[in-house]
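Dear colleague,

I am passing on the structure below, together with an account of what was found in it. Please keep it open while you read, as the notes go from one part to another.

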Amino acid sequence: MVGTRLSGWKGYRTMKILMKGNEAIAEAAIRAGCEAYFGYPITPQTEVLEYMARRMTELGRAFVQAESEVGAINMVYGAACTGARAMTTTSSPGYSLMQEGISYMAMSFVPCVIVNIMRGGPGLGNIQPSQGDYFQMTKGGGHGDYHLLSLAPSTVQETVDLIIEAFDLADKYRQPVTVIADGLIGQIMEPVEFPDLKEPQRPERPWALTGAKGRKKNVITSLFLDAHELERENLKLQAIIAQIKANEVRYAEYWLDGAEIVVIAYGTAGRIAQTAVKRAREQGIAVGLFRPISVFPFPYDRLREIAETAQQLLVVEMSAGQMLEDVRLATCNRVPISFYGRMGGVVPLPEEILDKIKGLAGTGS
Amino acid sequence: MSYIVIDEDRCKGCELCTTVCPQGDLVQMAGHFNVKGYRPSVFVDPEGRCTGCTLCAMMCPDTVITVYRTARKKKTVE
Amino acid sequence: MSEDGELVFRRPAALSDVVTHYCPGCMHGIVHRLIAEVIDELGIRERTVGIAPVGCSVLAYHYFECDFAEAAHGRAPAMATGIKRTHPELVVFTYQGDGDLASIGTNELIHAAARGENITVVFINNAVYGMTGGQMAPTTLPGMVTTSSPYGRDVKRQGYPVRVCELVSQLDGTAYIVRRSAYKPAEIRKLRQALKIAFQVQMAELGFSLVEVVSNCPTNWGMTPKESLRFVEERMIAYYPLGDYRVRDEVKTLK
């Protein structure tokens, strides 16, 4: 079974166009009715900002290049407080600067969409693609008990699909939703299709700050000085997270039937691993690929099932091994887990992963 | 004649209202304590000198003073 | 006493009928009331959105009868930008102390002003971090003792206070930048007028407006409220002269 696109906007009618990932990210948001974009230049995602500067202005929607990522995320927070669909995109160091604002939005139940086009780190790192922000994306990132729904595409089309869905998911759960891509997805050009342009509709948001006309005033805050009250708010947030865990797990599976070795990789690493696994199968190795699409909520249950039949797991990441820990959690070491990772923005070649698979299958030279 | 009403139990005893009265001491600090444990300000105007100028109310950070003004009738010459 | 006199002064409708948490004699209460009076006078309560900072006035949203948001420390101008850009019909004001605006939030302030955002910033300068117990702020005067300048602010090691109006009024995006106080009724009247003009500047879309209020902190200055007013008048205003720092021509012709 070749990988199927499990998520995605059904019923596209437009023609395919060849487009750079970053620009496709911007156009996807616009098609989803994004009314306000606040960004800041940072390679490798700046084209999103440039594209938005042109298109949002053309469409009479809000666009500001903020003074910093700290400014940008708080502008998103402001716009989203009014019920407007708001978005920002950034890359790893910028995403670190946004953590405080994101924590505020999580606690005050304010929806928005954030795309992190990850780059080499830590520190200033470099501008090559990386997956070194997995923990920050999936384990909360900022202060306090919260997790954000985090979706990890591996192609430009899937990125478009997930961003469009992210806006609906943000509204559905009244939480920030993140899409985690990387410099490769941002910079490559691929054919993409888009749904028709969606005018920003403003669904009923009784909580939004729109002026207290004919109603009591609304207050949006994440400050609850009384501990019991803050705990009650936290319980509401945990209930939302439980809902997300129950409803939003997504993944793709390739050649798992009879697979003795299962490679586990997401995003760009998942895409490269797919090529390696395909070649290994052509050389008679019983290997399959499991590609998480929602990295939060992580697909623990499905992975636990896979671990019952697989003899070995191979986790492949463009990091020192972060999703690796979730794989261990899911499988409780019931099956041996190997890891292959590249750091610093080095993008592994399919051959590297193929050699690793051969080594595990005992047929390596 | 004009007068002010002080919501004694909301007063925090900061005394700022007593510093601005053009008539001198129509607003003074009370001898007793209010429910918050502050000495509230009280309106003392036996001769009815208050003109309702609202300066004390303007100075109050807690908006506890309400002011009523009656236009002074022209003194009729007996 | 019959209540036959004409009611000439009462709590403005836009000011919530609640007891505030502010210390006795703190000017926050006066500035809150003046803002509420201006909101009532301009008839904009139903389309005003306020943004509270982090600091003593972090609970400002309890005290106004209009929509309110609580911003992260120093980020109110960015939040206001987001609100105003998506809802230009709303009247948006931020209410910030000196730690929030002149320390952690300076970058957000400068760029909101440089962009000429049509928002109004009400800046309370009382030269100390109040809520956290009296630490030195960027606006603490030289020689002033605080819990983090225990020997008095030494300009050689702790630098000089920041004059925000003088700083921000250099930016062309600003339309109305003034400094007032509230240490006596005459000044309170001028402050009220300045707040009204600032809101009108925003409503006329003339650009960024900021009203700085030289304020007091009896508790953390270690003074009685009355003494703190003297300190404002004699020491604070000497360093932070009251007046207009930038008034664009179009503002002068505003009714």
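A residue is called buried here when its relative accessible area is under 20%, and exposed when that area is over 50%. By that cut-off S215(C), at 1% relative accessibility, counts as buried. Please bear in mind throughout that this is a predicted model.

To stay with S215(C) for a moment, its place is in the loop between β9 (208-214) and α8 (218-221) of chain C. Leaving aside residues up to four places away in sequence, S215(C) touches M27(C), I124(C), N125(C), N126(C), W221(C), V232(C) and M236(C). S215(C) and V128(C), although 87 residues apart in sequence, are 10 Å apart in space, C-alpha to C-alpha.

The chain around this residue can be described as a whole. Chain C holds 10 helices and 10 strands, and buried residues make up 62% of its 255 residues. Its C-alpha trace spans about 55 × 50 × 30 Å along the principal axes. A compact globule with 255 residues would have a radius of gyration near 18 Å, and the 17 Å of chain C agrees with that. When contacts in chain C between residues at least 6 apart in sequence are considered, 69% of them join residues at least 24 apart.

Two helices of chain C deserve a description of their own. Helix α1 (residues 28-42) of chain C and helix α7 (residues 185-203) of chain C pack with their axes 9 Å apart and at an angle of about 50°, and they are therefore oblique to each other. Their crossing is right-handed. On the side of α1(C), the residues that meet α7(C) are I30(C), V31(C), R33(C), L34(C), I35(C), E37(C), V38(C), E41(C) and L42(C), while α7(C) contributes I188(C), L191(C), R192(C), L195(C), K196(C), F199(C), Q200(C) and M203(C). The residues of this contact between α1(C) and α7(C) divide into 11 nonpolar, one polar and five charged.

The crossing in which α11(A) passes α12(A) is right-handed. Their contact is made by Y300(A), L303(A), R304(A) and A307(A) from α11(A), together with D326(A), V327(A), L329(A), A330(A) and T331(A) from α12(A). By class, the residues of the contact of α11(A) with α12(A) are six nonpolar, one polar and two charged.

Also in chain A, helix α1 (residues 21-31) has 10 of its 11 residues buried, so it is largely enclosed by the rest of the structure. The buried residues of α1(A) are G21(A), N22(A), A24(A), I25(A), A26(A), E27(A), A28(A), A29(A), I30(A) and R31(A). What covers them includes β1 (17-20), α2 (46-58), β4 (86-90), β5 (112-118), α7 (156-173) and α8 (183-187) of chain A. After α1(A) comes G33(A), whose phi is positive, near 90°.

Finally, a word on how the chains meet. Two pairs of chains are in contact, and of these chains A and C share the most contacts. No contact joins chain A and chain B, and the closest C-alpha atoms of these chains lie 21 Å apart.

With kind regards

Conventions. Residues numbered from 1 in each chain as written. Chains lettered and ligands numbered in written order. Predicted model: local features only at pLDDT ≥ 70, side-chain atom pairs only at ≥ 80, totals over all residues. Heavy atoms only, no water. Left-handed = near helix turned anticlockwise from the far one by under 90°. Helix = DSSP H or I, 4+ residues; strand = E, 2+ residues; numbered from the N terminus. Contact = heavy atoms within 4.5 Å. Nonpolar A, V, L, I, M, F, W, Y, C, P; charged D, E, K, R; others polar. Rg over C-alpha atoms; globule rule 2.2 N^0.38 Å. Buried < 20%, exposed > 50% of the residue type's maximum accessible area, 1.4 Å probe, protein only. Axes fitted to C-alpha atoms, helices over the stretch in contact; angles between N-to-C directions. Parallel < 35°, antiparallel > 145°, perpendicular 65-115°, else oblique.
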